[in-house]
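Visitor: Pick one part of this model and walk me through it up close. I'd like to see how that part ties in with the rest of the chain.

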Amino acid sequence: MDPNLALKALAALAHPTRLDAFRLLVRHEPDGLSTGALVEASGLSQSTLSTHLAVLAKAGLVSADKRGRHQIQRANINTLRGLMIFLAKDCCQGRAELCEPLLADLTCCRRTGRP
């Protein structure tokens with residue numbers, strides 16, 4: 001991942017509302033959530049939440065698909081993966097055994113199906 005893209009993603013996630021919305025969308029992959037469900041979960045107005053979603057979308061973290069009358073918001077798992085790899089790529093100066101706890105925490109996603 002390009003450092004500028006990483007900074008844009010980190011900046012987008014550096015707000016409690018956007019971080020909460022993104023984590024909620026990650027939990028609902030691959031189906032995503034309607035904008036209305038996100039509004040209800042956040043307790044914000046639709047216009048306020050839409051502004052936050054626009055920031056996440058501009059950073060490549062969220063995308064929207066139209067399904068019938070609903071906008072379905074989805075987390076971009078490829079961007080999340082790229083950001084995580086970017087952050088941990090040079091982990092522990094090549095000493096893989098030091099990164100094993102991090103990798104073990106991430107492998108729980110495969111076993112449980114949850115991030």
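Guide: Let's start with valine 26, which is found in helix α2; helices (H or I, at least four residues) and strands (E, at least two) are DSSP runs numbered from the N terminus. Bear in mind that this is a predicted model, where local features need pLDDT of at least 70, side-chain atom pairs count only at pLDDT 80 or more, and totals for chains, interfaces and linings use all residues. Residues are numbered from 1 along each chain as its sequence is written, and side-chain values use heavy atoms, with hydrogens and water left out.

Back to valine 26: at 11% relative accessibility it counts as buried, where buried is under 20% relative accessible area, exposed is over 50% and partly exposed lies in between (1.4 Å probe, protein chains only).

Now look at what α2 packs against. Helix α2 (residues 16-27) meets helix α4 (residues 46-58) at about 70°, the axes being 10 Å apart; axes here are lines fitted to C-alpha atoms, for helices over the stretch in contact, and angles run from 0 to 180 degrees between N-to-C directions. That makes α2 roughly perpendicular to α4, a label for 65 to 115 degrees, with under 35 as roughly parallel, over 145 as roughly antiparallel and the rest as oblique. On the α2 side the contact (heavy atoms within 4.5 Å) uses Thr17, Arg18, Ala21 and Phe22, and on the α4 side His52, Val55 and Leu56. Those residues split into 4 nonpolar, 2 polar and 1 charged; Ala, Val, Leu, Ile, Met, Phe, Trp, Tyr, Cys and Pro count as nonpolar, Asp, Glu, Lys and Arg as charged, and the others, Gly among them, as polar.

Leaving out residues up to four places away in sequence, leucine 56 touches Ala12, Leu13, Arg18, Ala21, Phe22, Leu61 and Val62. Leu56 also turns up in the largest nonpolar core, which has 21 residues and where Phe22, Leu38, Leu56, Leu61 and Val62 have the most contacts; a nonpolar core is a set of buried Ala, Val, Leu, Ile, Met, Phe, Trp, Tyr and Cys residues joined through side-chain atoms within 4.5 Å. Helices α1, α2, α3 (35-42), α4 and α5 each supply at least two residues of this core, and α2 gives the most, with 5 residues.

Glutamate 29 and proline 30 are joined by a cis peptide bond, with omega about 10°.

Stepping back, the protein chain has 6 helices and 3 strands, running α-α-β-α-α-β-β-α-α from the N terminus. Buried residues account for 28% of its 115 residues.

Where pLDDT is low, the predicted coordinates should not be read in detail.
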